[in-house]
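Biologist: I have not seen this structure before. Could you take me through it?

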Amino acid sequence: QVQLVESGGGLVQAGGSLRLSCAASGSIFSINVMGWYRQAPGKQRELVATISKGDNTNYGDSVKGRITISRDNAKNTVYLQMNSLKPEDTAVYYCNAEVTPRGGYRMAYWGEGTLVTVSS
């Protein structure tokens, strides 16, 4: 069983910063791509950022220049540093990881999400 647990969400004023964390745990053989997606009320889930095991990154157009993704492979953890936050960044942020469990096949796992609210 593999679990992804997010932390770090909360309420912040516009222009502020937050750092999200997501730790993968369980019977893990390897983790390939890790990433963050978000879903605002009434909207579809969208890409925020992804990072490969070799630290190649990809960002959604709406967050480029304001958000940095990083990971600690030893801790099976991915981070999202969000700066210059805007009210339109308000959403539930979901962690995603491509995990190969011990004795299993690679598949995508999702966390339960953490709410980020940016007040104007």
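This is a predicted model: local features need pLDDT of at least 70, side-chain atom pairs count only at pLDDT 80 or more; totals for chains, interfaces and linings use all residues.

Biologist: What is the strand order in the open sheet of four strands?

Modeller: The order is 1-3-8-7, and the pairing is antiparallel. Strand 1 (2-7) and strand 7 (67-72) are the edge strands, each pairing on one side only. From one strand to the next, the twist averages 15 degrees.

Biologist: And over how many bridges do strand 3 and strand 8 pair?

Modeller: Strand 3 (residues 18-26) and strand 8 (residues 77-82) pair over six bridges, in the antiparallel sense. Within this pairing, Leu20 stands opposite Leu80 in strand 8.

Biologist: Turning to charges, how many salt bridges does the structure hold?

Modeller: It holds four salt bridges. One of them joins Asp89 and Arg38, with the closest N and O atoms 2.9 Å apart. Asp89 is in the loop between strand 8 and strand 9 (91-101), while Arg38 is in strand 4 (residues 28-39), 51 residues apart.

Biologist: Which salt bridge does Arg66 form?

Modeller: Arg66 forms one with Asp89, where the closest N and O atoms are 2.7 Å apart. Arg66 lies in the loop between strand 6 (57-59) and strand 7, and Asp89 in the loop between strand 8 and strand 9, so the pair ties together parts 23 residues apart in sequence.

Biologist: Which residues are linked in the network of salt bridges?

Modeller: The network links Arg38, Glu46, Arg66 and Asp89.

Note on methods. Residues are numbered from 1 along each chain as its sequence is written. Side-chain values use heavy atoms; hydrogens and water are left out. Two strands pair if DSSP finds at least two bridges between them. Helices (H or I, at least four residues) and strands (E, at least two) are DSSP runs, numbered from the N terminus. Axes are lines fitted to C-alpha atoms, for helices over the stretch in contact, and angles run from 0 to 180 degrees between N-to-C directions. A salt bridge is a side-chain nitrogen of Lys or Arg within 4 Å of a carboxyl oxygen of Asp or Glu.
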